[in-house]
Amino acid sequence: MLFVLTRILGKRQISQLTFFEYITGIALGDLAGTLSTDLEANYLHGVASLLVWFALPFGMELLTLKSIRLRRLLDGQSTALIQEGKILEDNLKKERFTADELLEQLRTKSIFRVADVEFATLEPNGELSVLLKEEHQPLTPKHMGIQVPPANNPQTVIIDGEILDEPLSKIGLNRGWLHTELEKQGVAQQNVFLAQVDNMKQLYVDVYSDELKIPTPQNKELLHALLKKCQADLELFALQCTQAEAKEMYTDAAGSIQRVLDSITYLLKR
C-alpha cells in the first residue's frame, strides 16, 4: 500500500524532495512501520492515517500547480550566492551556508576558481546551479558556426546474445546487416553481451570475455580517407591536364569535395 501511494504521488528523486515532501515521506513511513509491527493497533485506523497523509500532499500538489504563492511557501525560492563573480555574503548567512560548503559545491561541478563564475544560485532542493562566465564556457559547434544534425539515441540491438528486432527496424536495419557487421569484427552472436548501433550506422560490441579485443569500427575514418583521396586525385588530374576547360572542371570538382570535407569532417572524426 505504501508503494502504491508513493508511486501515485510522483517520481521525484530523494535529492529533489522539498521540505514538505520530506516530512510527508517520513510520516508515511512511520505510519506504515507502526501499522506493520504493532499487533494491538487497529488496522483500519492505520489505513485511514495513511490515506490522510496521502491525500494531504496530493491535494497540496494540485493547489501548488495553480498558486505561485503557495508553491513558494511550500517549496521555497532559489537564493543567489554568487552574482557577476562576487560572493553575496549576506545570502550565504541567510542560508547558513559557509564558504567551505560553497567551494565544495563548486568543486563537485569541476569549478575551482570563484572568479570563473558569473552566477550561482542555491535551489530549493539544496542543489547549487552555476553559470560560468562567457570566456570559460565550453566551446560548442554553434560558437564555431557549425550546423550539427540532431543526434539520435543509440539503439541497443543485442543483449545477452539475443537479437532485438524492434530497435533494428527503428533504424531501418535487419538481422542480415547485423550478422554481416559481426562477421567484419570477427565476433559470434552468442559471445556478445551488448551491442549498439549509433546514428552513423556503426556497430559497437561488448563481449563476455574482457581479454578479447574488438576492433573499433572504421567506417567513418574510411569514408574520410576516401573523400580526401578523391579530392587529391582530382587535383592531380587538374595539374596533369593540358586543356584549359578540362583543367577548370577538375579544379572545380576538387574544390567541391573540399567544401564537403570542411562541412562533415567534424562528424567523421568524432
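## Phe-58

Phe-58 is partly exposed because its relative accessibility is 31%; the class lies between buried (under 20% relative accessible area) and exposed (over 50%), with a 1.4 Å probe and protein chains only. Phe-58 sits in helix H3. Helices are DSSP runs of H or I, at least four residues, numbered from the N terminus.

This is a predicted model: local features need pLDDT of at least 70, side-chain atom pairs count only at pLDDT 80 or more, and totals for chains, interfaces and linings use all residues. Residues are numbered from 1 along each chain as its sequence is written, and side-chain values use heavy atoms, without hydrogens and water.

Helices H1 (2-9) and H3 (43-64) each give two or more residues. H1 gives the largest share, three residues.

## Aromatic pairs

The whole structure holds three aromatic pairs. Ring centres must lie within 6.5 Å; planes under 30 degrees apart are stacked, over 60 edge-to-face, the rest tilted. Phe-54 and Phe-58 are stacked, at 5.5 Å centre to centre and 20° between the planes. Both lie in H3, four residues apart, about one turn of the helix. Phe-54 is buried, at 15% relative accessibility.

Phe-237 and Tyr-250 form a tilted pair, at 5.5 Å and 55°. Phe-237 is in H9 (residues 219-240) and Tyr-250 in H10 (residues 244-269), so the pair ties together parts 13 residues apart in sequence.

Key. Rings of Phe, Tyr and Trp (its six-membered ring) pair if their centres lie within 6.5 Å; planes under 30 degrees apart count as stacked, over 60 as edge-to-face and the rest as tilted.
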